[in-house]
Structure formats: C-alpha cells, structure tokens
Amino acid sequence: MVHISNKPVVGVIMCRQQLGPHPAMTLQEKYLRAVQDAGLLPFPLAQGLADDEPALEQVLAMLDGLLLTGSYSNIEPHHYGESGEEPLNDPGRDRLSLRLIAAAGERRLPLFGICRGFQEMVVASGGTLHRRLHDIGLFDAHREDKQQPLARQYAPAHDILPEAGGLLARLAGPGRRPVNSLHMQGVKALGAAARAEARAPDGLIEAISLIDQPFALGVQWHPEWQSRDNALSRALFDGFAEACRRYRAARTAA
C-alpha cells in the first residue's frame, strides 16, 4: 500500500543563475534540507510564475507556507525609491518575491524570509535599504570573508537581541543570541507594515515581522546553515513548520 504524505507544502523561491552557456534557476541545497528536516515538503517556485497569474494562483492554492531564501543577488534599488543600477541583480526574482509577499498577506499564508528574503520583506512593506553597509561607516562589518572555509563564514559573528513581546522572542525566548552574518545590505528604514523583531549590538535591525499576519518573519542571518545543530535555528524552522501545519489543517478542513 502506498501511503500519501500529509506534510505541509512550502513554496521555495528560486534564483536565476548562469551555468556555463545555460541560464538556470537554482536552489541551494541547505535551504531544501532545512525545510525537509523541519518536517515540511519543499516545492520550488520558478520565476516565470510572476508573469502568469492563473498559474501562480493555482500554485498558491497548493501551498501551506512560503520561504524566501538568501541569494548572491540584491534587490534593484528602484523598488525602494532609489536610482542607479544594482550589478548583482535578479529582476525576475524581485518580481516574484514581491508578488509572493503580497499573496502571503492576502491569504495569511505563513512566510519566512532569510537574508535577501528578509530584505524583500522590508521593501515589500514600505521600507528602504542601505545598499552597501561597509561604505557608510554607521555599522560594524556584516560581510563574510569569502576567502575563509564555509564553516568559518557561517560561524557566529555577533549577537542579536530580540524585542520583548515579539514573534522572534516567543519562538526563541528572551536574551541575546549569537548569529552568523553574511550580508552587505541592511535596513535603512522600516515601513508602517513591519515591526522590528531584533537588533545587532551596533543597532542594525536583524529581524522583522509583518504586522497583522499570523506568521511572517524575516531574519538577516542564515538559520538554514546546519539548522538542526543550532537551538535558535531549530526554534525558527520549527515555529515556521507549526504555522504551516496550522494553515494546512485549516485549509483542508474548509
């Protein structure tokens, strides 16, 4: 007898990348593994969905959560009211991520954003970004040293302090927690639809939630890295998974 899984289905956004002569859409394995290890079923979301509304609606009807991953690319600055070019761009991802965040709000669909995904949530909720933190002299260095092995790049780099009474504090508990730090951009200002959930010692906002949604959390660090080996990472993915299970139960009962 074949047993059908009842795991919540999580849409995971894909990035555009050039693999030799071939344009490709990719997902880093660490995100897929973290989703599966939390008891969820990942479903890759191709960027073309942003330009096919009926197909996007069909896919959204199947989903119980959304994961916006980190990426080597950055959001194009015109999305948050600035001019100029972004050399590390991925415009197809911008279009899809902003549409997905809007859909999550409309459907009250659980949403978890990591690094670029966090920044997409900031922009989608009316906020703005510092394009190069290391150039403005207001914050500590938040970039990784790409010459170091991955284990060193993803090692704890600084603490974060959750805001009392917030979603992050409810998931992870109060008190400072060490996190890794692998980003060149950061929050300049939040829009009215977002709430700061944690800050770094230098004052930079490191986590947000979207107001009036049951579960919409974005974090600037990378909890997907060896997610079951770190208590904070486990708490975040397990909290996301529980929100997805609740959503699925309500969806299938309707």
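Reader: Which residues of α3 meet which residues of α4?

Author: In this predicted model, Arg93, Asp94, Ser97, Leu98 and Ile101 on the α3 side meet Arg116, Gly117, Glu120, Met121 and Ala124 on the α4 side. By class, this contact is made up of four nonpolar, two polar and four charged residues.

Reader: How do you describe the way α3 and α4 pack?

Author: Two packed helices are described by the angle between their axes and the distance between the axes. For α3 and helix α4 (residues 116–124), the angle is about 65° and the axes are 10 Å apart. The crossing of α3 with α4 is right-handed.

Reader: What makes α4 largely enclosed by the rest of the structure?

Author: A residue counts as buried under 20% relative accessible area. Eight of the nine residues of α4 are buried, and therefore α4 is largely enclosed by the rest of the structure. The buried residues are Arg116, Gly117, Phe118, Gln119, Glu120, Met121, Val122 and Val123.

Reader: What is found just after α4?

Author: Gly126 is found there, with a positive phi of about 95°.

Reader: What about the loop between β6 and α4: which residue lies there?

Author: Cys115 lies in that loop, β6 being residues 111–114. Its phi is near 55°, a positive value in a residue other than glycine.

Reader: How do you know whether Cys115 is buried or exposed?

Author: The relative accessible area of Cys115 is 5%. The cut-off for buried is under 20%, so Cys115 is buried.

Reader: Where does Asp212 lie, and what is its phi?

Author: Asp212 lies in the loop between β12 and β13 (216–219). Asp212 is not a glycine, yet its phi is positive, about 70°.

Reader: Is Asp212 buried or exposed, and how do you know?

Author: Exposed means over 50% relative accessible area. Asp212 has 67%, so it is exposed.

Reader: Which residues make the contact of α2 with α3?

Author: From α2 come Glu53, Leu56, Glu57 and Leu60, and from α3 come Leu96, Arg99, Leu100, Ala103 and Arg107. Five residues of this contact are nonpolar, none is polar and four are charged.

Reader: How do you know that the buried residues of α2 are on the same side?

Author: The buried residues in α2 are Leu56, Val59 and Leu60. They cover an arc of only 100° around the axis, so they are on the same side of α2. Pro54 and Gln58 are exposed on the other side of α2. Among the elements that cover the buried residues of α2 are β4 (41–45) and α3.

Reader: What makes Asp90 buried?

Author: Its relative accessible area is 3%. That is under the 20% cut-off, so Asp90 is buried. Asp90 lies in the loop between β5 (65–68) and α3. Apart from neighbours within four places in sequence, Asp90 is in contact with Cys15, Arg16, Gln47, Ser73, Asn74 and Arg116.

Reader: Why is Gly186 called buried?

Author: Gly186 counts as buried because its relative accessibility is 0%, and buried means under 20%. Gly186 lies in strand β10 (residues 186–189). Not counting residues up to four places away in sequence, Gly186 touches Gln119, Thr128, Leu129, His130, Leu133, Leu204 and Gln220.

Reader: Why is Gly203 called partly exposed?

Author: Partly exposed is the class in between buried, under 20%, and exposed, over 50%. The relative accessibility of Gly203 is 33%, so Gly203 counts as partly exposed. Gly203 is placed in the loop between β11 (194–199) and β12 (205–210).

Reader: How many residues apart in sequence are Gly203 and Phe139, and how far apart in space?

Author: Gly203 and Phe139 are 64 residues apart in sequence, and 7.7 Å apart in space from C-alpha to C-alpha.

Key
Residues are numbered from 1 along each chain as its sequence is written. This is a predicted model: local features need pLDDT of at least 70, side-chain atom pairs count only at pLDDT 80 or more; totals for chains, interfaces and linings use all residues. Side-chain values use heavy atoms; hydrogens and water are left out. Contact means heavy atoms within 4.5 Å. Helices (H or I, at least four residues) and strands (E, at least two) are DSSP runs, numbered from the N terminus. Ala, Val, Leu, Ile, Met, Phe, Trp, Tyr, Cys and Pro count as nonpolar, Asp, Glu, Lys and Arg as charged, and the others, Gly among them, as polar. Buried means under 20% relative accessible area, exposed over 50%, partly exposed in between (1.4 Å probe, protein chains only). The arc is that of the directions from the helix axis to the C-beta atoms. Axes are lines fitted to C-alpha atoms, for helices over the stretch in contact, and angles run from 0 to 180 degrees between N-to-C directions. A crossing is left-handed if the near helix is turned anticlockwise from the far one by less than a right angle, and right-handed if clockwise.
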